Amino acid sequence: MLKTLLAAAAISLAASVAIAQTTPAPSTPTTRPATPMPTTPVNPTAPAANLIDINSASRAELMTLPGIGEARADAIIRGRPYRGKDELPRKNVIPQGVYDNIQARIIARQR
């Protein structure tokens, strides 16, 4: 029985090697993408001048952030003041996924 299993495994392995050697490699595309790639790298940390302060921003300013609509902007305003921006997901004001997308664009300045 063991000899039969070993023989079957050897035949299967030999067949897969033979197939892998005869399968052609995928061809590379000959056309370029329609939209050019940006030449400047995207900086994940925004300069302090462009950050939105969650302790003083208006509802409209908060709504410019991705994933923040009317309800979440209102929830952020109701929860003020914040000691740090990480309080937003910790206090369940916004979901962690939304916070992950906006954390580089917000700050919690103290007065």
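## Asparagine 55 and its neighbours

Setting aside residues within four places in sequence, asparagine 55 is in contact (heavy atoms within 4.5 Å) with Arg80, Pro81, Tyr82, Ala108, Arg109, Gln110 and Arg111. You will find asparagine 55 in the loop between strand E1 (52–53) and helix H2 (59–62). Helices (H or I, at least four residues) and strands (E, at least two) are DSSP runs, numbered from the N terminus. Asparagine 55 has a relative accessibility of 7%, so this residue counts as buried; buried means under 20% relative accessible area, exposed over 50%, and partly exposed in between, with a 1.4 Å probe and protein chains only.

Which backbone atoms does the side chain of asparagine 55 reach? One is the backbone nitrogen of tyrosine 82, at 2.7 Å, and another is the backbone oxygen of arginine 109, at 3.0 Å.

## About the model

This is a predicted model, in which local features need pLDDT of at least 70 and side-chain atom pairs count only at pLDDT 80 or more, while totals for chains, interfaces and linings use all residues. Residues are numbered from 1 along each chain as its sequence is written, and side-chain values use heavy atoms, with hydrogens and water left out.

## The overall picture

The protein has five helices and two strands, and their pattern along the sequence is α-β-α-α-α-α-β. Of the 111 residues, 22% are buried. Among contacts between residues at least 6 apart in sequence, 52% join residues at least 24 apart.

The accessible surface comes to about 8600 Å², and carbon and sulfur atoms account for 61% of that. Accessible areas come from the Shrake-Rupley method with a 1.4 Å probe; for residues, only the protein chains shown count as cover.

## Aspartate 53 in strand E1

Now step back to aspartate 53, which is found in strand E1. Aspartate 53 is buried and has no salt bridge, and the nearest side chain of opposite charge, arginine 109, is 4.6 Å away. For charge, Lys and Arg count as positive and Asp and Glu as negative, while His and the chain ends are not counted. A salt bridge here is a side-chain nitrogen of Lys or Arg within 4 Å of a carboxyl oxygen of Asp or Glu.

What does the side chain of aspartate 53 make a polar contact with? The partner is the side chain of serine 56, at 3.0 Å. A polar contact is a pair of N or O atoms within 3.5 Å; within protein, one must be able to donate a hydrogen and the other to accept it, and residues adjacent in sequence count only if both atoms are side-chain atoms. Not counting residues up to four places away in sequence, aspartate 53 touches Ile107, Ala108 and Arg109.

Have a look at helix H3 (residues 70–78), where Ala73, Ala75 and Ile76 are buried. These residues lie on the same side of H3, because they cover an arc of only 160 degrees around the axis; the arc is that of the directions from the helix axis to the C-beta atoms. The buried residues of H3 pack against H2 and helix H4 (87–90). On the other side of H3, Ala71 and Arg78 are exposed.

## Salt bridges

Side chains of opposite charge can pair when their charged atoms come close. How many salt bridges does the structure hold? There are four. In one of them, aspartate 74 pairs with arginine 59, with 2.8 Å between the closest N and O atoms. Aspartate 74 lies in helix H3 and arginine 59 in helix H2, so the pair ties together parts that are 15 residues apart in sequence. Aspartate 74 is partly exposed at 26% relative accessibility, and arginine 59 is partly exposed at 35%. Arg59, Glu70 and Asp74 are linked in a network of salt bridges.

Aspartate 86 forms a salt bridge with arginine 90, the closest N and O atoms being 3.5 Å apart. Aspartate 86 is partly exposed, with a relative accessible area of 38%, whereas arginine 90 is exposed at 57%. Glutamate 87 forms a salt bridge with lysine 91, and here the closest N and O atoms are 3.3 Å apart. Glutamate 87 is buried, at 8% relative accessibility, while lysine 91 is partly exposed, at 48%.

## Glutamine 96 in helix H5

Finally, glutamine 96 sits in helix H5 (residues 96–102) and is partly exposed, with a relative accessible area of 43%. The side chains of glutamine 96 and aspartate 100 are joined by a polar contact of 2.8 Å. From C-alpha to C-alpha, glutamine 96 and aspartate 86 are 9.5 Å apart in space, and they are 10 residues apart in sequence.
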